[in-house]
Structure formats: structure tokens, C-alpha cells
Amino acid sequence: MSRLHQQLGISQGVALLATSLLGTGIFVVPAIAASIAERSSLLAWAILIALVLPIAFTFAALGKRYPHAGGAAHFVGKALGPRAEKLTAFLFLSVLPVGLPAALVMATGFWQAVFELSPIMSLGIQLFTLLCMLLLGLGGAKLSGNVQAIIALAIVTLVAALWWQADIVSSDYQLPSDLGSPNIVPALAVMFWCFVGIEAFAHMGEEFRRPERDFPIALLLGVFVAGAVYWAASVVVLKFGAYGTQHANTQSLPHVVALLFGPHAKWLAAIVGYLACFASMNIYIQGFARLLWSMADEGHLPQQLAHLSTKKVPTRALITIVSACVVSCVVAWLFKLPLDELIRYANGNFIVVYLLSMIAGAVLLKGVFRILAVIGAALCCLLLLALGQQSIYVLLLSVLFLLIQPLFMQIKKQWKVSKLPKS
């Protein structure tokens, strides 16, 4: 029996995942990819979708068989033991210092397209965004799913309107004659950001009404919807040359909207873009909170974090995660960390979490799903190599955890012994 409230259906699951995958990427990453690989980025999207499918099918199979709020960490723990489970959870949570600030910078960029914002005003928007996600999270998973369904519909409608108004023809999405561009690999290293979210979605598996049926269907449909919308947005960005500098990339689609529908339409793009980023970050915040709660519920973290509200929402874990996000956000703002670097460092963590999950799939699954898991693991290794020096962040974190964790466990054991009553 689920420990959390089972209230999600297929449509809400698709909305949660699709908005998670589209959110922080749809209005920015197509432009970044175009600035790296230009027209070859259209080929890169097709390659990336092909790479993601084995990973998506593996997560779907694992989520169907082992629905759990621990998500990827739970899968890895069942296959590789508690130490690997803790490493996976640590790497997922350590995305916070780099991944959330990157997403908040993207969200703020939409308001910069219509307002002249000072640095302190940008920080204020980021902190207000975190507060809104906290309030939405306290309302439960069903509320988040319903809100994000509306946002997903708005994103798809906007991209479809751009295609219609731009009069897209076949020559606009024709692949380049040189299919062996060396820029495709570095573009893929950034574009992978668009398909991180599957592992966060896995934490919601325990909250589906029928997880053995609804979870895998929602996951696969969400991936296909997101892939199609990303490709369509890239065609529009390339047609209008809406890419280049970081400032141009963060305001890419709002710029195209203004060209096609007039300057006042920038408001529409800003609102939809901001909501898309909000939706993507929200599922991560909820996923982080459920992982923290699950670890506390199973005795790996302080018991206070295992508290549930009357709606079965992990309130204390959620507040803890949002507080950590506030600190990370302020640090990134103070040091003015570049967006593309933050994305690559965060991607390193996600790729290793995916890699460990694929290894778990190879151990736990059978038949064709085991083969897909092995393929997914190989693809994750290739993506890690594509990151180059940006993979150092996740590798150092992994080594640090493996060195410190035994010492931490020894201290914890001695503390428990010292608390025993003396005879």
C-alpha cells in the first residue's frame, strides 16, 4: 500500500512530465543548441530523442514494478545495495547548487524581455518563484498536476501558433548536407538538459492511482510530446536566427513572438515562458522533497523530515528543500555564474543518476527491458564523455561521498551506542 495519497491519473502524469521536460528548456535550449551547432542542431534533436528512448523505457519498466517515492535511488538500492542508493540520492540532491539557479535564471530572463530589471529585482523574482512553488507543493500532487496541465497546453499552443504565423515550409527543417558536424556532440551535452526530469518524475510513482498501468504510459507519452515540441521550436528559432549571445538565447522565443505578433505580444511569451520554467522547477522541488521524506521515513535521515500533513504532503522535507534552494539561488546570484556552465555541471549529475538507474535496470529487469537498460547505460557513458571537463563536478562529488560516507556511518553508529541506557 502506498504511503502517500494516490491521486494522479494518466493525463495529470503526462502534464507533470511534459512540463518538467519542456519547462526550463523550451524557450532557451533550442537557441543555445543553434548557437553551438546551427542547422545541425535539428539532427542533434533527432539523435537525442533516439538516445533518450531506451532510458525512458527502462524508467517506465522500473516505475511500473517498483513505484516508490525514493525514485531512482530506490531502484538503485534494490539492485546495488544501500551504499549505491545513498550515492544516487546524494547526487540527485546535489543538483540543487547548480541546477536550480540555472532554471531560475532562465525564468527571470522572460521578465527581462519586457522589463528593465536591476540585479536585485532579478533576485527578488527568483525568491518569489520559490515561495510560489512552496505554496503549490503544500496543496498536494493533484493540484500540481492540474496546474501543470494548463501550462503544458499553453506551451504547445504557443509553439503551434508560431509555426502557423511563421509559414513554416519543408526547407525550414531540411537537414544540413554535412551530417558529420563536430559541433553536434557539444550541442548534445547541453541539449540533454531538456530530457532531465524523468528521474524526478519517478519520485511521483507512489502517488498514481494505478502505478503499474498509468505510470509507464504517462512517462512515455510525456517524452514523445516534449521531443516533438522541442524540435518544432528549434525550427522556428533557426528560421529567424534568434540565437547568439547568452542574452539573445534567454530571450529567443519572446523575440520571435514580437516579430510575428507585434511587440505587445512579448507579454504573452514572457508569461508562458515563465510558467513553463515554473512548472519544470516545481516537479523537481516536489521530487527532491519526496526523496528527502522517503529517506527519513526509512531511517536514513532525521525522523523529523518524515512528517506528513493531513493531505499526506511531506511538508517539512518540502520546506527544507526550498530553503536550500534559496541559499543556492543567492550564492549563484552573488558570483554571477554563467548559464551554460551551470547547465553542463547539473547535466553531469543527472547523467550519472541515469547511468546508475540503467545499471539497476540491467540487474532488476528481464528480456527486452534488460537489453534496453544496457543500451541506456552505454548511452549515458557516451553523454558523460561528451560533457568533457564539466563532468569533473559530478566525479569529484562521487569520490567525496564514497570517502566520507563510511566515516559518517561510523560516527552515526557510535552516537547510537552512546544513547543506549547504561546497565
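Axes are lines fitted to C-alpha atoms, for helices over the stretch in contact, with angles from 0 to 180 degrees between N-to-C directions. Helices (H or I, at least four residues) are DSSP runs, numbered from the N terminus. This is a predicted model, in which local features need pLDDT of at least 70, side-chain atom pairs count only at pLDDT 80 or more, and totals for chains, interfaces and linings use all residues. Residues are numbered from 1 along each chain as its sequence is written, and side-chain values use heavy atoms, leaving out hydrogens and water.

**The helix pair**

- Helix α8 (residues 141-166) and helix α13 (residues 252-261) have axes that come within 10 Å and cross at roughly 45°.
- That makes α8 oblique to α13, since angles under 35 degrees count as roughly parallel, over 145 as roughly antiparallel, 65 to 115 as roughly perpendicular and the rest as oblique.
- L158, A161, L162, Q165 and A166 of α8 meet L253, V256, V257, L260 and F261 of α13; contact means heavy atoms within 4.5 Å.

**The cysteines**

- Zero disulfides (pairs of cysteine sulfur atoms within 2.5 Å) turn up in a search of the whole structure.
- For C132, the nearest cysteine sulfur is that of C329, 13 Å away.
- C132 is partly exposed, at 23% relative accessible area; buried means under 20%, exposed over 50% and partly exposed in between (1.4 Å probe, protein chains only).
- C380 has its closest cysteine sulfur in C381, 7.1 Å away and too far for a bond.
- With a relative accessible area of 0%, C380 is buried.

Terms used. Helix = DSSP H or I, 4+ residues; strand = E, 2+ residues; numbered from the N terminus.
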